[in-house]
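Subject: Structure for you to look at

Hello,

Here is the structure to open beside this email. Please keep it on screen while you read the notes that follow.

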Amino acid sequence: MATRVEPDGDLLVAYRRLSAAYQQSLRYAEDVRRLYHQQQRSIYQSLVGLCTALEAKDTYTRGHSERVGARSRGLAARLALPADQVERVGQAGLLHDIGKIGVPESVLRKPGALDEEEWKAMRRHPLIGAQIVAPFETLEGVDVLIRHHHERLDGRGYPDGLVGAAIPLGCRIIAVADVYDALTSDRPYRTAWPPERAVVWLVAQAGTELDAQAVTAFVEMLGDVGPRSRL
């Protein structure tokens, strides 16, 4: 029968000290992780605040990003995307126009049609927005959704002219919410369309400019909210 060997007293003390140091390191790592995520959340809130500040300077777009974010999130959930993707789509919808900080106000507020140089400046805002959010780990993937939210199924969008399924689904979702809100809001170059007219336009563009499945689900979602006159 084997004889049980009791650990040496000094060895036991060393082991306990090592174990305590290890547990302390784990607690420290958890604190660092928690502080890091708090910092990332603070940065996200700062980005949201920047979007709000940009819109506050223009009565025509005030509240646009918040509405697009909420509708994009709702549409992503309706299309049964995984929860993490729903969150990403909602974040990207909220931040989709943050790149307009790099577009001259004279272009953003111009009451008439943009000339070629002005359009070049405007088309840069998805790229600028993607560059702004790309460094933040907790917004991983949001930069891609912001970059491509103005792509069109027929390849006539920007900045990269992506076609069809090459456009991420989240971008196609945001595009529907963005277009609807733009059509139903007053802009310097036109008055707001009634919701019914905007819905007719969305349906007409389904399959060419906009994703047909996303348009169908969006129209159904609007119907669930209540009378279209209040949408």
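The protein has 10 helices and 0 strands. Helices here are DSSP runs of H or I with at least four residues, strands are runs of E with at least two, and both are numbered from the N terminus. Read from the N terminus on, the elements go α-α-α-α-α-α-α-α-α-α.

The model is predicted, so local features need pLDDT of at least 70 and side-chain atom pairs count only at pLDDT 80 or more, while totals for chains, interfaces and linings use all residues. Residues are numbered from 1 along each chain as its sequence is written, and side-chain values use heavy atoms, with hydrogens and water left out.

Overall figures

Of the 231 residues in the protein, 39% are buried. Buried means under 20% relative accessible area, exposed means over 50%, and partly exposed is in between (1.4 Å probe, protein chains only). A contact means heavy atoms within 4.5 Å. Among contacts with a separation of 6 or more, 60% are between residues 24 or more positions apart.

Pocket and cavity

A cavity is a set of points where a 1.4 Å probe fits but cannot get out; a pocket is an open set with protein on both sides within 12 Å along at least five of seven lines; lining residues have an atom within 4 Å of a point. Grid points are joined across faces, edges and corners, and a volume is the space filled by probe spheres set on the points.

The largest pocket has a volume of about 1,300 Å³. Its lining is made of 44 residues, and Trp 119, His 150, Tyr 158, Arg 187 and Tyr 189 lie nearest the centre. Helices H1 (9–56), H2 (64–78), H4 (105–108), H5 (116–123) and H8 (169–183) each give two or more residues to this lining. H8 gives the most, with 5 residues. By type, the lining of the largest pocket has 20 nonpolar, 8 polar and 16 charged residues. For this count, Ala, Val, Leu, Ile, Met, Phe, Trp, Tyr, Cys and Pro are nonpolar, Asp, Glu, Lys and Arg are charged, and the others, Gly among them, are polar.

How many cavities of 30 Å³ or more does a search of the whole structure find? It finds 1. The largest cavity has a volume of about 40 Å³. Residues that line the largest cavity include Glu 151, Arg 152, Ile 167, Cys 171 and Asp 211. That lining divides into 5 nonpolar, no polar and 5 charged residues.

Cysteines and His 148

Cys 171, one of the residues lining the largest cavity, is buried, with a relative accessible area of 1%. Cys 51 is also buried, at 5%. A disulfide is a pair of cysteine sulfur atoms within 2.5 Å, and by this rule the count is 0.

His 148 sits in the loop between helix H7 (142–147) and H8. His 148 counts as buried because its relative accessible area is 10%. Leaving out residues up to four places away in sequence, His 148 touches Asp 160, Leu 162, Ile 167, Pro 168 and Cys 171.

Backbone points to check

Most residues other than glycine have a negative phi, and most peptide bonds are trans. Ala 80 has a positive phi of about 65° although it is not a glycine. Ala 80 lies in the loop between H2 and H3 and is exposed, at 63% relative accessibility. A cis peptide bond joins Tyr 158 and Pro 159, with omega about 10°. Pro 159 is in the loop between H7 and H8.

What span should the 13 residues of helix H3 (residues 83–95) have? The expected span of a helix is 1.5 Å times one less than its number of residues. For H3 this comes to 18 Å, and the end C-alpha atoms are 18 Å apart, which agrees. Buried residues of H3 include Val 86, Val 89 and Leu 94, whereas Ala 83 is exposed, at 64% relative accessibility.

Arg 123 is in helix H5 and is partly exposed, at 33%. Not counting residues up to four places away in sequence, Arg 123 touches Glu 116 and Tyr 158.

Regards
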